[in-house]
Amino acid sequence: METSSGLPAETSDTVNSDEILGQGNQHNGNSCPPQVAFSDLPKISSDLPPPTGTTPPQVKRRRRRKRFFTDMIPTSVSAAAVTGLRVLRPNPKPSTAYSYSETELATGDDLFKHHHNRRRRMSDLAKEVDVEALIAISVGFPVDSLTEEEIEANAVSQIGSVEQANYIVVRNHILARWRSNVTVWLTKDHALESIRAEHKNLVHSAYTFLLQHGYINFGVAPAIKEVKFKPPEGFSKGNVIVIGAGLSGLIAARQLISLGLKVVVLEGRARPGGRVRSKKMTGGQNGVAAAADLGGSVLTGINGNPLGVLARQLGVPLHKVRDICPLYLPNGRTVNADIDSKVEASFNKLLDRVCKLRQAMLDEVKSVDVSLGTALEAFRHVYRVAEDPQEQMLLDWHLANLEYANASLMSNLSMAFWDQDDPYEMGGDHCFIPGGNERLIRALAEDIPIFYDRMVESVRYATDGVLVYAGRQEYQGDMVLCTVPLGVLKKGNIEFVPELPQRKKDAIDRLGFGLLNKVAILFPYDFWGGEIDTFGHLTEDPNMRGEFFLFYSYSSVSGGPLLIALVAGEAAVKFEKMSPLESVVRVLEILKGIFSPKGIAVPDPLQAVCTRWGQDQFSYGSYSYVAIGASGDDYDILAESVGDRVFFAGEATNKQYPATMHGAFLSGMREAAHILRVADRRVSPAEKSNTSSQENVSVVDKFFDTPDLKFGNFSVLYDPMSTDLESNCLIRVELHGEKSLHLYCLTSRRLVLELSKLEGDLSRTEMLTRDFGVKLVGWNNLSAAVGSLFTSIELARSV
Ligand SMILES: Cc1cc2nc3c(=O)[nH]c(=O)nc-3n(C[C@H](O)[C@H](O)[C@H](O)COP(=O)(O)OP(=O)(O)OC[C@H]3O[C@@H](n4cnc5c(N)ncnc54)[C@H](O)[C@@H]3O)c2cc1C
C-alpha cells in the first residue's frame, strides 16, 4: 500500500487497536489505525554520533495549569487528633505482615500510666496521628469532618460528637495501616490490634466503611484478588450489568464481584481500557520496540493516587516526570530564560486578574459567565501583555498548555468554573508507568467477565430491573452501571427507556467534552537526549499554537526511543482532518527545526501512530471540561442514579477529579459502594422466589449461633454497619414447649438495651409487645425484610 507521497504505509501486524481511525475510516473491530511506518526506508547507520550540543535545559514545571493550591496540610491536625489518642491501644501486638512500623502504636491511657517518658510518647503518638491524618487527606478525606459518603453510611451515630473525632482517628489509622502494605488483605482483627478494645464498634464501623467504599483492600495484589464475599445461601445481592471496560467500569466490576454481586461487563471495543491504551510499537532490523500511551498517560499527582497503589501491588516502579521542559523557538533556539520567566509571570497575573473579575461578577450577577478566552484576551490588551513577537509566542504556548489541560479551546471554557476541581488536585509528583498504563488495565481486567464487541444501543429500566441491548442480544439485570464517556452520552448513541431525567440531559448538554490528540513516533535511537521527559515548541501562528506544542520523551519508560507530540486546542480539531502522513511530516519538520541547528540529525522514524479521539465512536473526544454555562455541579448531576436502577460512573461524573484516570477509577469505586447500598436494601426478587423458607431458616440459625447479645431466651443480631441506637437489630425469642419454637422481630438497638435491663423473659415479652407494640412473628413473615441486614452481617463476619 502506497501513500500519496510515495512513503510506504504499514499494512500489517502490530495493530489491532480499533480506536485510532484514519481519515475517513469508520470503526470496525479490525481496522488499522492511521499509522505511518518507516520501516522500509533506508536504514540509518547505527554508528551515528550520539546527540550533542543540546542547550542545558532550564528547570521549569510545565504541567496542567492549576490555580488554587489549597493548604492541604491542616493546621489543626494535632489538635483534632489528640482527642483520638485515647482510642489507640497500648502495646499492640506487632504484626509481621505490615511494615508500617510507625503505626504500631504504643499509647493510650494505659501507656500513660506505665511509661515514665510520657510526654515524649504523647508527642510521638501525636506525630503518628498527624502522619495518618495526612495520608487520609491525600486520599481525599477532610481533616476533621466526615465525608458525605461517611454520613450517608451512618459511620457514626452523632455528627460532630466525640465519637466522630475518635472515629476519624480510627479511620485514618486503618487507612494508613493498609496503605503501608497494600499487597495484603487487612483484616478487622489486624485493625483491632492497635485500637483499644472498648472502641471495637468504631473499628467495625470505620473498617466496614473503608472496605465497602474501596479505600482499603482494593486492587490487584494476589492476596486481595483472592478474597470474594459470598452472600449467604439463599440470598442474592443482585446482578449488575456494567457498560464499558474502561478504568471506571473495570474497577467497579472488580469491587462489586468482591463484595458478592454478580457482574457482567459489556464493552464495545475488542479490548479493555477505553481511553487508556498502550500501543506496542516496533520497527527496525534490531527490533526496536516501545509502548506508547495514546490516551491517558501521566499519573497527575501520586500522593493518595489509587493508580499508584495498583502500581505498587504489581511491583511496577513509577517514573517521576522530571521538572525540566526546555522551550524551543521555531528556529531551534532555546527561549531566553528571562523572557520565559517574565511571560510566565505575566500569564499567571492575567489568570489572577480573571479570578478577581469572576469573583466580582459572581458576587454581583450570579449566573453570568463568559469564556476564559474572552476574559484573558481582554486583560491582555488592557495590560499590554506580550506585545513583542517572541513574548506573544510564549504566551500562546502557555495558552496552548491550558487548552491541553482542559482538552478545549479557550473560547469554550467557562471563566467562572473552568478550574473548579483545583482544590482537590492530587499532590506529589507526576509519574509515568514504565511499559505503559495498560499494565494496570490488564491486571484489572483479569478474571472479570467481559464481553467484547458488545456495543450497547439501548437501556430499558423499570422498578423491577433493567434490560440492556447490545447487537441482537438482550441482557437482564437488577441494575446497570453506565460508564461510557460523556462524548457517547452527548451523541445519544445509547437510547434510555424511559428517557433520562431532564436535569441529567441538561447537564450532559452543558458540560464540555473536548479534544486532545497525539502523534507517537518510534525512532531508531534517542537523538533528543534521555535526561529530559518533556520539551516544548513555540509557533508563530496563534491559531495553531497547540500544534505539537509539547513533546513527551518516553525513552526512559517505554522501552525504546519514543517521542509523543501533543496536539491541543484548535489544532487538535484540524489535525483530525489531516492525513496521518502529513501530520508526521509536520512533526519531523518541527523536530528538524529544533535539532538540526544544534548539529543533531533527526533520523527517519520506524513507525508512527496518529490518534483520532474525536472520531472514535466509543468516546467522541478525549475528556470533559467545564464549558461556558456549566459548573462543577453538572459532574454531580451526571453521577446521579436514576430510580436506583441506572447508575453512572466515569471521569465526567467525578466533580473533584474529572478528566483524569484516577478520577475515573474513583468514580467506579464510588458507584460500586452506591450499588451495594441499594442492593442491600433490596433482596433480589429472582433469588427470593427460588429460595425455600426452610433454606432461609438454616441461614438464620447459622447467624444466631453467635449472637451479638443474649439475655434469657432472647438472642440479638446487630446491624454491623451502624452503632446508631436507632439502627436495626433482629431479635429471636426461643419458646420452649413440646417442640422449641422461634419467633422474630426487627427493632432498634435502643429498644434491645431497654429489654436487656429487665429481669425475666415474660416481662421482656410484655414490654416488647405491649409497651412498644412490636409483633413477634414466624420467620416466613419477616425474611424479606432482613435480607440487607443479613448481607451486612455476613460481610462483617467474613473479614
Ligand atoms: C489523549 C488523552 C490523553 C489523556 N491524558 C491523561 C493523562 O495524562 N492523565 C490522566 O490522568 N488522564 C488522562 N486522560 C484521561 C483519562 O484517560 C480518562 O479520564 C480515563 O481513562 C477515562 O476512563 P473512563 O472509565 O471514565 O472512560 P473510558 O476509558 O472511555 O471507558 C469507557 C468504556 O466504554 C466503552 N463504550 C463506549 N460506548 C459504548 C457502548 N455503546 N457500548 C459498550 N461500551 C461502550 C468504551 O469503549 C470504553 O472502553 C487522557 C485522555 C485522552 C483521550
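1. Two residues are taken to be in contact if their C-beta atoms, placed from the backbone, lie within 7 Å. The remarks below concern a predicted model.

2. Val-456 illustrates the use of this term. Leaving out residues up to four places away in sequence, Val-456 touches Ile-243, Leu-266 and Gly-268, together with Val-468, Tyr-469, Ala-470 and Ile-494. Val-456 is placed in strand β11, which covers residues 456-462.

3. Val-456 has 24 C-beta neighbours inside 10 Å and therefore counts as buried, the cut-off being 20 or more.

4. Ser-248 belongs to helix α9, which spans residues 247-258. This serine is buried because 34 other C-beta atoms lie within 10 Å.

5. Once neighbours within four places in sequence are set aside, the contacts of Ser-248 are Thr-483, Ala-649, Gly-650, Ala-664, Phe-665, Ser-667 and Gly-668.

6. For the protein chain as a whole, the secondary structure amounts to 26 helices and 27 strands. Of the 799 residues in the chain, 49% are buried. Among contacts with a separation of 6 or more, 74% join residues 24 or more positions apart.

Key. Residues numbered from 1 in each chain as written. Predicted model: local features only at pLDDT ≥ 70, side-chain atom pairs only at ≥ 80, totals over all residues. Helix = DSSP H or I, 4+ residues; strand = E, 2+ residues; numbered from the N terminus. Buried ≥ 20, exposed ≤ 12 C-beta atoms within 10 Å, placed from the backbone.
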